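Me: Please go through the structure shown below. I will ask about its cavity, its surface and its charged contacts.

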Amino acid sequence: MSGQNSMFTWTRDHLLHHKYSDTDADPHNSNRGFFFSHMGWLMMKKHPLVLKKQREIDVSHLRADKLVMFQYRYFLPLYFLVGVLFPVAVPMYFWNETFWCSFFVPYVLQYVTNLHITWSINSFAHLWGSKPYDKRIKPSESWVASFLTLGDGWHNFHHAFPWDYRMAEKFSISTKNLELLAYLGLAYDLKMASPAVVQGHIMRHGKKTDEQMLVKEVIKSKRERKDANDAARAM
């Protein structure tokens, strides 16, 4: 219904994005600028390296899933049925809306809005924000993207621990959805980084570590100057 490609295509591109983040093999490489990472990557030919890595990346687990491959093969008719026809027909049938009102508001408006909200994770969350978990990478903790997506913009955590189902230590609607699916038995084997692993990564690579060390150095320097002054006065 979101019209954001099939599950197979989306997952394959997301695997590439994490494995080759912010390089030419990343489908929405943020080093090519805000517009490209936001939506330009969908408006032009893919970089040759993206095409090469697409062929090389292991997606056997996706090809083995019959439901995923069924949706991949019939994505366009399925999308037209549930993503276009359904939201347009319901207001016309139940509330006597005109065709054009039903087409432009329930379909076009929500589709364009949802696309830009989703794309904010590729652009805003890869260009601006804090990096408390790993200062070596471009993905950041973006308040803008997190506000728009209800918690999916805490991207520094997500790229530091891509196997953690929570996507963030803060609130994320995607995390809550996964927990609901797990409760219903529709999701399983949810992995999570332990507090010790997270803290260890922060201590080694987090930006907060640099700030804390700087504060400690300033305090140490002030203490040494005070001790020197006290010693001078005592003499």
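Me: By class, how many nonpolar, polar and charged residues has the lining of the largest cavity?
Reply: This is a predicted model, where local features need pLDDT of at least 70, side-chain atom pairs count only at pLDDT 80 or more, and totals for chains, interfaces and linings use all residues. Residues are numbered from 1 along each chain as its sequence is written, and side-chain values use heavy atoms, with hydrogens and water left out. Ala, Val, Leu, Ile, Met, Phe, Trp, Tyr, Cys and Pro count as nonpolar, Asp, Glu, Lys and Arg as charged, and the others, Gly among them, as polar. On that basis the lining has 4 nonpolar, 3 polar and 5 charged residues.

Me: What volume has the largest cavity?
Reply: A cavity is a set of points on a 1 Å grid over the protein atoms alone where a 1.4 Å probe fits but cannot get out, and lining residues have an atom within 4 Å of a point. The search of the whole structure gives 1 cavity of 30 Å³ or more. Its lining includes Asp-24, Arg-32, Trp-41 and His-47. The volume, that is the space filled by probe spheres set on the points, is about 70 Å³.

Me: Which residues make the nonpolar surface patch of about 600 Å²?
Reply: Patch residues have over 30% relative accessible area and no salt bridge, and nonpolar side chains (Val, Leu, Ile, Met, Phe, Trp, Tyr) are joined within 5 Å. One member, Met-1, lies in the segment before helix 1 (7–19) and has a relative accessible area of 62%. The patch is made by Met-1, Phe-80, Leu-81, Val-82, Leu-85 and Phe-86.

Me: Which residues are linked in a network of salt bridges?
Reply: A salt bridge is a side-chain nitrogen of Lys or Arg within 4 Å of a carboxyl oxygen of Asp or Glu. Glu-56 meets Lys-52 at 2.7 Å, N to O, and Lys-53 at 3.3 Å. Because Glu-56 and Lys-52 are 4 residues apart in helix 3 (residues 48–56), about one helical turn separates them. The network links Lys-52, Lys-53 and Glu-56.

Me: Is Lys-53 buried or exposed?
Reply: Buried means under 20% relative accessible area, exposed over 50%, and partly exposed in between (1.4 Å probe, protein chains only). Glu-56, at 46%, is partly exposed. Lys-53 has 17% relative accessibility, so Lys-53 counts as buried.

How values were computed:
On a 1 Å grid over the protein atoms alone, a cavity is a set of points where a 1.4 Å probe fits but cannot get out, and a pocket is an open set with protein on both sides within 12 Å along at least five of seven lines; lining residues have an atom within 4 Å of a point. Patches are made of residues with over 30% relative accessible area and no salt bridge: like charges are joined within 9 Å, nonpolar side chains (Val, Leu, Ile, Met, Phe, Trp, Tyr) within 5 Å. Accessible areas come from the Shrake-Rupley method with a 1.4 Å probe; for residues, only the protein chains shown count as cover. Helices (H or I, at least four residues) and strands (E, at least two) are DSSP runs, numbered from the N terminus.
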